[in-house]
Amino acid sequence: MPDAPPLRAELLLDQEAPEALGQDLTAALDGLGVRTARVRRTLDHRGVGDLPWLLLVSLPLQAFLGGLGAEAVRDAYASFKGVVRRAAGRGAAGDGGVPRPLVLQDDRSGLSVVLEPDLPAEAYEQLLGLDLTTFRMGPLHYDRRLGRWRSELDEAAG
């Protein structure tokens, strides 16, 4: 059976994200079979209502998450989580040092998953099996109190 073609991603870095962080994320995604097609920097400031992310990765999200469960990618997945923790733990000087997340965005639906600093292992475990088609709007956040991924916008609309 022929190998599936690699997933493609676009990486958008905030102006304050160090180049090395983008390179680390590109390498971690490559280890997971995701080829970064393009890396860009933001040009403008986002609006007040926009999510204050540091790195945004746009890719076929359900396929990416589904592929992470395989035993063969455990080490590469650990590397990816390490990059997420380093990225999400960085605060920008203009934010008063407040940590900003890494955001995964589905390139088809636009649904976003926010990977915040210090997510517990159970959040990543749940994310691997998450059926994104059950959500209409995002962003998805892990609710530590409830112990699950949720979209407050979906809940408010429903």
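Buried here means under 20% relative accessible area. By that cut-off, strand β4 (residues 102-106) of this predicted model is mostly covered. Of its 5 residues, 4 are buried. The notes below place β4 in its sheet, then turn to Asp106, which lies in this strand.

**The sheet**

- The sheet is open and has 5 strands. Their order is β2-β1-β3-β4-β5, with mixed pairing.
- β2 (34-41) and β5 are the edge strands. Each has a single partner strand, so one side of each is left without a neighbour in the sheet.
- From one strand to the next, the twist averages 20°.
- Helix α1 (residues 19-31) packs on the sheet. The helix touches β1, β2, β3 and β4. Its direction makes about 160° with that of β2.

**Strand pairing around β4**

- On one side, β4 pairs with strand β3 (residues 55-59) in the parallel sense, over 5 bridges. Within this pairing, Leu56 has Val103 of β4 as its bridge partner.
- β4 also pairs with strand β5 (residues 112-115). These two run antiparallel and are joined by 4 bridges. Leu102 stands opposite Leu115 of β5.
- β4 and β5 form a hairpin with 5 residues between the strands. Gly110 in this hairpin takes a positive phi near 85°.

**Strand pairing of β1 and β3**

- Strand β1 (residues 7-13) and β3 run antiparallel, with 4 bridges between them.

**Asp106**

- Is Asp106 buried or exposed? Asp106 is buried, yet it has no salt bridge.
- Which side chain of opposite charge is nearest to Asp106? That is Arg108, 5.0 Å away.
- The Asp106 side chain does reach a backbone atom: the nitrogen of Ser109, at 2.8 Å.
- Leaving aside neighbours within four places in sequence, Asp106 is in contact with Leu59, Pro60, Leu61, Gln62 and Leu111. One of these, Leu59, belongs to the residue range of β3.

**In brief**

- β4 has β3 as a parallel partner and β5 as an antiparallel one.

How values were computed:
Residues numbered from 1 in each chain as written. Predicted model: local features only at pLDDT ≥ 70, side-chain atom pairs only at ≥ 80, totals over all residues. Heavy atoms only, no water. Buried < 20%, exposed > 50% of the residue type's maximum accessible area, 1.4 Å probe, protein only. Pairing = 2+ DSSP bridges. Axes fitted to C-alpha atoms, helices over the stretch in contact; angles between N-to-C directions. Contact = heavy atoms within 4.5 Å. Lys, Arg positive; Asp, Glu negative; His and termini not counted. Salt bridge = Lys/Arg side-chain N within 4 Å of Asp/Glu carboxyl O. Polar contact = N/O pair within 3.5 Å; in protein donor to acceptor, adjacent residues only side chain to side chain.
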